[in-house]
Amino acid sequence: MASVPWEDELTKRLQDQFGDRILEFSTYLGQNFLVARPEAVIPIIEHLKLEAGFDYLVDVTAVDYPQRPERFDLVYILYSFSRNERVRIKTRIAEGATPPSATGVHLTANWLEREVYDMFGIRFAGHPNMQRILLPEEWQGHPLRKDYPITRQDDRWVQENLGIESAQ
Amino acid sequence: MRKFFRTVFLVDLLKGLRVTFRYQHPKHICTEQYPAQRPRIGERYRGAPRLNTNPETGETLCIACNLCALACPENLIVVGSERNEQTRRKELTTFTYDTSRCMFCGLCEDACPVDALELTQDFEIATYSREGQIWDRQMLEEGPKPTPYEC
Amino acid sequence: MAEATFLDSTELVLNMGPQHPSPHGVRRVILKLDGEKVLGADCVIGYLHRGVEKIGENRTYQQFTPYVDRMDYVAAVSNGLGYCLAVEKLLNIEAPPRAQAVRVILTELNRIASHLVWLGTHALDIGALTPVFYCFREREEVLTVFENYCGARLTTHAFRIGGLQYELYDGFEEQVKAFCDMFLAKVDEYEELLTGNRIWIGRLKGVGILTAEECKAYGVTGPLLRAAGVKWDIRKAQPYSGYDQYEFDIPTGENGDTFDRYKVRLEEMRQSVRIIRQAVDRIPEGPIMGKVPKVIKPPVGEAYVSIEAPKGELGYFVVSDGSPQPYRVRVRPPSFINLQAVDKMVRGGLVADVVAVIGTIDIVLGEVDR
C-alpha cells in the first residue's frame with residue numbers, strides 16, 4: 001500500500017500560502033502528512049496554529065538515515081481540537097544544520113527539542129535552553145543515531161563519575 | 001449557616017473517621033503472612049523456568065529446535081545440541097538459561113512447539129550469587145529448591 | 001553600593017531530590033525561592049533512562065512488546081495496547097472483535113489501578129495516611145485479575161501484535177463483575193475520606209492552576225486537560241479498539257486546579273467501571289488472534305497511533321523499513337510532557353505546594369526517562 005496524495009481545502013490554502021516550499025502532500029494509512037523545506041516548517045506550524053486551529057503540538061522527533069545526504073528527517077505532529085485532525089510535518093535536514101526552534105509558537109517544543117538534540121545531536125537555533133535532557137551534560141555521542149551501537153557507552157564519563165571500569 | 005455547623009462540629013472529619021473505624025474489625029485484615037502462609041499464585045503465573053521431561057522415561061521433551069533462543073528478546077537462552085548418527089535426529093546436550101536477565105515475558109514459552117520449556121509457578125528463585133542465576137540443564141529440569149521456612 | 005547583608009539576600013536555591021519521597025522515583029527539582037514563594041522550578045530528569053527507543057530498533061516487533069510495559073509500569077497494559085495498535089496500523093490489520101473487547105476490559109481495569117496508585121500516593125504526599133491502604137487493597141483485586149489472565153501482575157505483557165495470546169480463564173467474567181460491584185462503593189468511601197476533609201481542600205483548592213489555553217500551549221493532556229474544562233478524550237475523539245461501542249461520559253472540571261484533577265480522576269474511575277460492565281456483558285465469541293505472520297515485516301512506511309493512557313495521550317510513532325525490526329520507535333510519553341508544565345504550575349505558589357503539584361501530574365519516572 002503506497003501513500004496517496006492528500007487534497008482538501010487545507011492543502012489548497014497551504015499551497016497558496018507557501019507554494020513550492022511544500023514539497024509533498026500525502027496520506028498514508030489514513031494519516032495526513034506533508035513534506036516541507038526546512039526553512040518553511042516554523043511558518044507552516046505558525047500558520048496552522050493561527051489560521052487552521054492546530055493548537056496542540058503533539059510531538060517533535062527525528063529519524064536518522066545515515067546513507068542520505070540530508071541525514072535526518074525531522075517530524076512534527078500537530079493536532080487540532082476543533083477539527084479533530086492530526087497532521088505530520090516532515091522535513092529533511094543535513095548533519096550540522098540548525099533548524100529554527102518551534103518554542104516561539106508552541107511551548108511544548110522546549111523539552112521535545114532538547115530531547116531531539118540529546119538523542120540525535122540536532123541543535124535548534126533560537127532555543128532558550130539547548131542542553132541535554134536525559135543524558136548527563138558531559139556525555140559524548142548521540143545514542144539514537146544509527147552509527148551508535150546499542151552496547152556503546154561513554155567509558156570516560158562512566159569511569160570519571162561512577163568510579164567503575166564499565167557499566168556493562 | 002449549614003456550612004458553619006459542619007465546620008464547628010467537624011462533620012466531614014467524623015465521616016472520614018467512620019470509614020477508618022469501620023475497617024478496624026479483624027475480619028477485614030487482608031495482609032498475607034507470607035513465609036508462614038503460602039500466597040495464592042495464578043495458574044498462568046510466569047515464574048521460574050522449567051525444562052519438562054517425560055514423566056515415564058525421564059527423557060527430555062526438548063527437541064533442540066532453538067526457537068526459544070530466537071524468540072527471547074534478551075538472548076539469554078543457549079541451546080546446545082548434537083546430531084545422533086544412528087537416529088539422524090538432533091539431541092539436546094546443554095541448555096543454559098540466565099534468569100538474572102530474564103524479564104519473564106513468556107515469549108520463549110509461547111515459541112516452544114512441544115511444551116518443553118515452561119515458566120512455572122515457582123517464584124522463590126533468589127540466590128546468593130550472580131553465577132547462581134545462570135541455570136544449566138540439570139537445574140532447569142529439577143527446578144529451584146528453596147529452603148523452606150520453619151516457624 | 002552597600003555591602004549585601006543577610007536581609008538583602010532574596011533568592012534561595014533549594015535542591016529537591018533526586019532522593020526525595022514525593023516524586024515516587026528519582027527526579028531532581030531545582031527550586032528558586034523567595035522566602036516561602038517559588039520563583040521558578042527547573043527539573044533535572046534522566047536518572048532512569050534505559051534507552052527504550054534504542055532497544056526497540058534492535059529487537060523484532062514482537063520482541064519489543066515486553067519492553068514497553070516497563071515504561072509506565074503502573075499502567076503497563078495501556079502501554080502494550082498502544083504499541084500493538086501502532087504496529088497493527090502499520091500492518092493494516094485489526095484485532096478480532098473478541099480480542100478488542102478483552103483489551104478494553106483490561107485497559108480500563110488498568111486505568112483504575114493506575115488512578116488508585118495515584119490517589120493513594122498523592123494523598124500520602126499531602127499528609128492523609130489512610131487512603132493509600134484502601135487504594136492498594138482494591139488495586140490488589142485488579143492485579144489478581146491480571147495475574148490470573150496473563151500470569152504477571154505489573155509488567156503484564158498481556159497483548160500481542162494482532163490480538164491476544166491467552167484465552168480468558170474460567171470465571172473471568174464473574175471476577176470482573178464482582179470487582180465492579182464492590183468497587184463503586186469503595187470510590188464513595190474515598191470521597192468520604194477526602195472530598196470533604198478541610199485539610200485536603202485547603203491543600204488542593206486553587207493550587208497549581210493550569211487554564212485550558214495553558215494546557216494546550218504546554219501540550220498537557222489527560223486528566224489535567226479535562227480538569228481545565230476541555231472535554232477531550234481520545235477514546236471519544238478518535239476511538240480505537242472498539243471504544244465507540246461503549247457509552248461513557250468524559251468528566252471535566254472547571255478551575256483546572258489540583259482539586260478538580262482529583263475529582264476528575266475519581267469520576268474517571270466510575271466511568272471505567274461503566275465501560276467494563278458494558279464490555280463484560282458482551283464479549284463476542286470468535287478467534288482472539290488475527291492473521292499475523294510469524295515474522296512481522298510491515299511494508300515501508302510510518303504511522304502514529306495514540307491512545308488515552310491514564311496519564312494522557314500516549315503515542316507511538318513507528319517507522320518501518322520493511323525489515324523484521326522497526327527502523328525507529330518513538331514514544332510520546334504523557335508524563336514527560338505533562339511534567340514540563342510543573343514550572344508554570346508552581347511559579348508564584350508556596351514551597352509546600354510543590355509536592356502537591358508534582359503529585360497531581362501523576363508522573364511515572366520510568367515513562368519520563370524511558
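Predicted model: local features only at pLDDT ≥ 70, side-chain atom pairs only at ≥ 80, totals over all residues.
Visitor: Which chains have the most contacts between them?

Guide: Two pairs of chains touch, and the most contacts are between chains A and C. Chain A and chain B, by contrast, are joined by no contact, and their closest C-alpha atoms lie 12 Å apart.

Visitor: How do strands of a sheet pair, and what is the strand order in chain A?

Guide: Strands of a sheet pair through backbone hydrogen bonds, either parallel or antiparallel. In chain A, six strands form an open sheet with mixed pairing, in the order β1-β2-β3-β6-β5-β4. Strands β1 (4-5) and β4 (56-64) of chain A stand at the edges with a single partner strand each, so one side of each has no neighbour in the sheet.

Visitor: Which helix packs on this sheet of chain A?

Guide: Helix α2 (residues 41-51) of chain A packs on the sheet, where the helix touches β3 (31-36), β5 and β6 of chain A, and its direction makes about 170° with that of β6(A).

Visitor: How many bridges join β5 and β6 of chain A?

Guide: Nine bridges join β5 (residues 72-80) to β6 (residues 85-93) of chain A, and these two strands run antiparallel; within this pairing, A:S80 stands opposite A:E85.

Visitor: Where is a hairpin found in chain C?

Guide: The strands β2(C) and β3(C) form a hairpin with two residues between them, and C:G35 in the turn has a positive phi of about 65°. Seven bridges join β2(C) to β3(C) (residues 37-44), which run antiparallel, with C:I30 standing opposite C:D42. On β2(C) there is also an antiparallel pairing with β1 (residues 12-16) of chain C, through five bridges, and there C:L12 stands opposite C:L33.

Note on methods. Residues numbered from 1 in each chain as written. Chains lettered and ligands numbered in written order. Contact = placed C-beta atoms within 7 Å. Pairing = 2+ DSSP bridges. Helix = DSSP H or I, 4+ residues; strand = E, 2+ residues; numbered from the N terminus. Axes fitted to C-alpha atoms, helices over the stretch in contact; angles between N-to-C directions.
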